[in-house]
Amino acid sequence: MAARPPVRDERAVAAYVERFGDSLTDAGMPRLASRVFARLLADDDGRMTAAELTEALEVSPAAISGAVGYLTQTYLIGKERERGSRRDVYVVQSDAWHGAMLSRDRVLAQIETSLRSGVPAVGGTSAAAGRRLQLSVEFLAFLSERMGEIEQEWQGRKAEITRDWPADH
(Lines give C-alpha, C1' and ligand atoms only; values in the text may rest on other atoms or scores of the structure.)
Protein backbone atom coordinates (compact mmCIF):
# COMPACT_ATOMS: atom_id res chain seq x y z
CA MET A 1 0.00 0.00 0.00
CA ALA A 2 1.43 3.41 -1.00
CA ALA A 3 1.94 5.99 1.71
CA ARG A 4 -0.57 8.82 1.64
CA PRO A 5 0.88 12.26 1.09
CA PRO A 6 0.86 14.50 4.15
CA VAL A 7 -2.23 16.66 4.61
CA ARG A 8 -1.54 20.39 4.60
CA ASP A 9 -3.45 22.42 7.18
CA GLU A 10 -3.74 25.94 5.73
CA ARG A 11 -4.93 27.43 9.03
CA ALA A 12 -1.89 25.99 10.78
CA VAL A 13 0.32 27.33 7.98
CA ALA A 14 -1.18 30.82 8.39
CA ALA A 15 -0.60 30.66 12.15
CA TYR A 16 3.00 29.54 11.59
CA VAL A 17 3.59 32.43 9.14
CA GLU A 18 2.41 34.92 11.76
CA ARG A 19 4.41 33.35 14.62
CA PHE A 20 7.63 32.98 12.64
CA GLY A 21 7.11 36.43 11.12
CA ASP A 22 6.83 37.86 14.63
CA SER A 23 10.08 36.13 15.62
CA LEU A 24 11.89 37.59 12.62
CA THR A 25 10.42 41.03 13.32
CA ASP A 26 11.60 40.80 16.92
CA ALA A 27 15.07 40.02 15.55
CA GLY A 28 15.03 43.24 13.49
CA MET A 29 13.60 42.29 10.10
CA PRO A 30 10.82 44.54 8.77
CA ARG A 31 7.39 43.14 9.64
CA LEU A 32 6.01 42.43 6.17
CA ALA A 33 9.34 41.12 4.89
CA SER A 34 9.26 38.69 7.83
CA ARG A 35 5.80 37.48 6.87
CA VAL A 36 6.68 37.17 3.17
CA PHE A 37 9.79 35.15 3.98
CA ALA A 38 7.86 32.87 6.36
CA ARG A 39 5.13 32.39 3.73
CA LEU A 40 7.61 31.48 1.01
CA LEU A 41 9.35 29.03 3.35
CA ALA A 42 5.99 27.39 4.04
CA ASP A 43 4.99 27.21 0.37
CA ASP A 44 5.52 23.68 -0.92
CA ASP A 45 7.61 24.70 -3.92
CA GLY A 46 8.88 27.94 -2.36
CA ARG A 47 7.70 29.97 -5.35
CA MET A 48 5.00 32.65 -5.36
CA THR A 49 4.09 35.64 -7.48
CA ALA A 50 3.44 39.06 -5.99
CA ALA A 51 -0.28 38.52 -6.59
CA GLU A 52 -0.20 35.21 -4.70
CA LEU A 53 1.68 36.81 -1.81
CA THR A 54 -0.78 39.73 -1.79
CA GLU A 55 -3.70 37.31 -1.53
CA ALA A 56 -2.08 34.98 1.01
CA LEU A 57 -1.01 37.78 3.35
CA GLU A 58 -3.96 40.09 2.68
CA VAL A 59 -1.82 43.16 1.99
CA SER A 60 -1.43 45.59 -0.90
CA PRO A 61 0.74 44.91 -3.95
CA ALA A 62 2.81 48.00 -3.07
CA ALA A 63 3.55 46.55 0.36
CA ILE A 64 4.64 43.25 -1.21
CA SER A 65 6.94 45.15 -3.58
CA GLY A 66 8.80 46.75 -0.68
CA ALA A 67 9.04 43.49 1.26
CA VAL A 68 10.39 41.44 -1.64
CA GLY A 69 12.83 44.25 -2.43
CA TYR A 70 14.24 43.95 1.08
CA LEU A 71 14.38 40.14 0.93
CA THR A 72 16.14 40.03 -2.45
CA GLN A 73 18.65 42.63 -1.28
CA THR A 74 19.49 40.46 1.73
CA TYR A 75 19.67 37.31 -0.46
CA LEU A 76 16.96 35.52 1.50
CA ILE A 77 14.91 35.14 -1.68
CA GLY A 78 15.51 35.38 -5.40
CA LYS A 79 13.43 36.71 -8.26
CA GLU A 80 12.81 34.84 -11.50
CA ARG A 81 10.71 35.59 -14.54
CA GLU A 82 7.78 33.22 -15.00
CA ARG A 83 8.30 31.39 -18.30
CA GLY A 84 6.20 32.83 -21.10
CA SER A 85 5.01 35.69 -18.92
CA ARG A 86 6.06 39.11 -17.76
CA ARG A 87 5.30 38.21 -14.13
CA ASP A 88 8.05 37.84 -11.57
CA VAL A 89 8.12 34.85 -9.27
CA TYR A 90 9.77 35.14 -5.87
CA VAL A 91 11.70 32.06 -4.84
CA VAL A 92 13.14 30.91 -1.55
CA GLN A 93 15.88 28.29 -1.75
CA SER A 94 15.82 25.25 0.52
CA ASP A 95 18.97 26.55 2.16
CA ALA A 96 18.01 30.25 2.24
CA TRP A 97 19.84 31.06 5.46
CA HIS A 98 23.08 29.77 3.99
CA GLY A 99 22.97 32.18 1.06
CA ALA A 100 22.02 35.09 3.29
CA MET A 101 24.88 34.40 5.67
CA LEU A 102 27.39 34.16 2.82
CA SER A 103 26.21 37.51 1.50
CA ARG A 104 26.65 38.97 4.97
CA ASP A 105 30.20 37.60 5.00
CA ARG A 106 30.94 39.56 1.80
CA VAL A 107 29.46 42.73 3.30
CA LEU A 108 31.50 42.26 6.47
CA ALA A 109 34.66 41.92 4.35
CA GLN A 110 33.89 45.28 2.74
CA ILE A 111 33.31 46.85 6.15
CA GLU A 112 36.58 45.35 7.43
CA THR A 113 38.49 46.89 4.51
CA SER A 114 36.93 50.30 5.20
CA LEU A 115 37.69 50.08 8.91
CA ARG A 116 41.27 49.03 8.19
CA SER A 117 41.84 52.17 6.11
CA GLY A 118 40.54 54.27 9.00
CA VAL A 119 43.14 53.11 11.52
CA PRO A 120 46.04 55.16 10.12
CA ALA A 121 43.69 58.08 9.36
CA VAL A 122 42.88 58.52 13.07
CA GLY A 123 46.50 58.20 14.18
CA GLY A 124 47.00 54.44 14.38
CA THR A 125 46.67 52.34 17.49
CA SER A 126 48.39 54.96 19.63
CA ALA A 127 45.06 56.84 19.53
CA ALA A 128 41.91 55.63 21.29
CA ALA A 129 39.92 55.82 18.04
CA GLY A 130 42.62 53.79 16.24
CA ARG A 131 42.51 51.07 18.89
CA ARG A 132 38.71 50.98 18.64
CA LEU A 133 38.87 50.67 14.85
CA GLN A 134 41.65 48.06 15.00
CA LEU A 135 39.66 45.96 17.46
CA SER A 136 36.73 46.08 15.05
CA VAL A 137 39.03 45.03 12.18
CA GLU A 138 40.34 42.09 14.20
CA PHE A 139 36.86 40.98 15.20
CA LEU A 140 35.62 41.02 11.61
CA ALA A 141 38.74 39.17 10.43
CA PHE A 142 38.09 36.56 13.12
CA LEU A 143 34.46 36.21 11.99
CA SER A 144 35.53 35.82 8.38
CA GLU A 145 37.98 33.07 9.28
CA ARG A 146 35.38 31.21 11.33
CA MET A 147 32.73 31.61 8.60
CA GLY A 148 35.00 29.70 6.21
CA GLU A 149 35.32 26.89 8.74
CA ILE A 150 31.59 26.89 9.43
CA GLU A 151 30.85 26.78 5.68
CA GLN A 152 32.89 23.59 5.30
CA GLU A 153 31.32 22.00 8.37
CA TRP A 154 27.84 22.90 7.16
CA GLN A 155 28.33 21.32 3.74
CA GLY A 156 29.18 17.98 5.40
CA ARG A 157 26.33 18.27 7.89
CA LYS A 158 23.84 19.24 5.18
CA ALA A 159 24.85 16.22 3.10
CA GLU A 160 24.16 13.95 6.11
CA ILE A 161 20.79 15.55 6.83
CA THR A 162 19.53 15.44 3.25
CA ARG A 163 21.07 12.13 2.18
CA ASP A 164 17.77 10.22 2.24
CA TRP A 165 15.48 13.08 1.20
CA PRO A 166 13.75 12.97 -2.19
CA ALA A 167 14.89 15.54 -4.73
CA ASP A 168 12.69 18.66 -4.72
CA HIS A 169 11.83 19.26 -8.34
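Me: Before we start, what counts as a helix or a strand here?
Reply: Both are DSSP runs numbered from the N terminus: a strand is a run of E with at least two residues, and a helix is a run of H or I with at least four residues. This is a predicted model, in which local features need pLDDT of at least 70, side-chain atom pairs count only at pLDDT 80 or more, and totals for chains, interfaces and linings use all residues. Residues are numbered from 1 along each chain as its sequence is written, and side-chain values use heavy atoms, with hydrogens and water left out.

Me: Happy with that! In which helix do Tyr-16 and Phe-20 both lie?
Reply: These two are 4 residues apart, about one turn of the helix. The helix that holds both is H1.

Me: Is the pair of Tyr-16 and Phe-20 stacked or edge-to-face?
Reply: Rings of Phe, Tyr and Trp (its six-membered ring) pair if their centres lie within 6.5 Å; planes under 30 degrees apart count as stacked, over 60 as edge-to-face and the rest as tilted. By this rule the count comes to 2 aromatic pairs. For Tyr-16 and Phe-20 the centres are 5.7 Å apart and the planes are at 10 degrees, so the pair is stacked.

Me: Is Phe-20 buried or partly exposed?
Reply: With a 1.4 Å probe and protein chains only, buried means under 20% relative accessible area, exposed over 50%, and partly exposed in between. Phe-20 has a relative accessible area of 22%, so the label is partly exposed.

Me: How many residues apart in sequence are the parts that Phe-37 and Trp-97 tie together?
Reply: Phe-37 and Trp-97 form an edge-to-face pair, 5.3 Å centre to centre with 85 degrees between the planes. Phe-37 lies in helix H2 and Trp-97 in helix H5, so the parts tied together are apart in sequence by 60 residues.
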